[in-house]
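Here is a quick tour of one chain, written for someone who would rather look at the model than read tables. Keep the structure open beside the text as you go.

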Amino acid sequence: MSNYRVVLRADEDQASPEQRRQAEQRFVRALEAELGDAALVLPIYQQYLRLVQQYGDLPDLAALTDAERAVMQAWQSAESAALIAALGPHRYMDDAQFEILPD
């Protein structure tokens with residue numbers, strides 16, 4: 001059971017409600033598969049956001065602690081896999097963003 005939900009934010013003319021729902025599901029499945037468990041998604045995402053706030057979007061990985069680097073790399077890898085899984089057939093949705101919200 002997950003402690004978060006994902007919402008696809010995109011222009012309404014870019015995807016039907018069903019396409020959005022399916023993209024959100026693909027995004028969630030890929031995140032959870034990449035991170036290993038649904039329960040890890042929100043805590044890792046929140047840690048990632050704190051690191052971005054502290055160090056910026058593209059920090060020098062050598063400046064991070066081992067734990068910070070592990071979080072940063074885990075999230076970036078999972079998010080990349082999720083975006084590919086979710087938008088693969090809908091690459092025209094270039095303004096699309098996935099928002100991760102706590103339940």
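## Ground rules

A residue is called buried at under 20% relative accessible area, exposed at over 50%, and partly exposed in between, using a 1.4 Å probe and protein chains only. What you have here is a predicted model, where local features need pLDDT of at least 70, side-chain atom pairs count only at pLDDT 80 or more, and totals for chains, interfaces and linings use all residues. Residues are numbered from 1 along each chain as its sequence is written, and side-chain values use heavy atoms, with hydrogens and water left out.

As for confidence, pLDDT is the predictor's own score for each residue, from 0 to 100. The chain has a mean pLDDT of 89, with 92% of its residues at 70 or more. Confidence is highest in α2, at 96, and lowest in β2, at a mean of 92. Helices (H or I, at least four residues) and strands (E, at least two) are DSSP runs, numbered from the N terminus.

## How α1 meets α2

Start with helix α1 (residues 17–35) and helix α2 (residues 38–55): their axes come within 8 Å and cross at roughly 90 degrees. The axes are lines fitted to C-alpha atoms, for helices over the stretch in contact, and the angles run from 0 to 180 degrees between N-to-C directions. The two helices are therefore roughly perpendicular. Under the naming scheme, that label covers 65 to 115 degrees, while under 35 is roughly parallel, over 145 roughly antiparallel, and the rest oblique.

Which residues do the meeting? From α1 come Leu31, Glu32 and Leu35, and from α2 come Ala38, Leu40, Val41 and Ile44; contact means heavy atoms within 4.5 Å. By class, six of these residues are nonpolar, none is polar and one is charged. Here Ala, Val, Leu, Ile, Met, Phe, Trp, Tyr, Cys and Pro count as nonpolar, Asp, Glu, Lys and Arg as charged, and the others, Gly among them, as polar.

Ala38 in helix α2 counts as buried because its relative accessibility is 13%. Ala38 and Ser2 sit 36 residues apart in sequence, yet 5.1 Å apart in space, C-alpha to C-alpha. Over in helix α1 you'll find Gln19, which counts as partly exposed at 27% relative accessibility.

## Aromatic pairs

A search of the whole structure turns up three aromatic pairs. Rings of Phe, Tyr and Trp (its six-membered ring) pair if their centres lie within 6.5 Å; planes under 30 degrees apart are stacked, over 60 edge-to-face, and the rest tilted. Phe27 and Phe98 are stacked, because their ring centres are 4.1 Å apart and their planes are at 10 degrees. This pair links distant parts of the chain, with Phe27 in helix α1 and Phe98 in strand β2 (residues 97–102), 71 residues apart.

Tyr45 and Trp75 make a tilted pair, since their ring centres are 4.8 Å apart and their planes are at 45 degrees. Tyr45 is in helix α2 and Trp75 in helix α3 (residues 66–87), so the pair ties together parts 30 residues apart in sequence. Both Tyr45 and Trp75 are buried. Together with Tyr48, Tyr45 and Trp75 form one aromatic cluster.

## A closer look at Phe98

Is Phe98 buried or exposed? At 14% relative accessibility, Phe98 counts as buried, and Phe27 is buried too. Leaving out residues up to four places away in sequence, Phe98 touches Val6, Val7, Leu8, Ala23, Glu24, Phe27, Leu83, Ala86 and Leu87.
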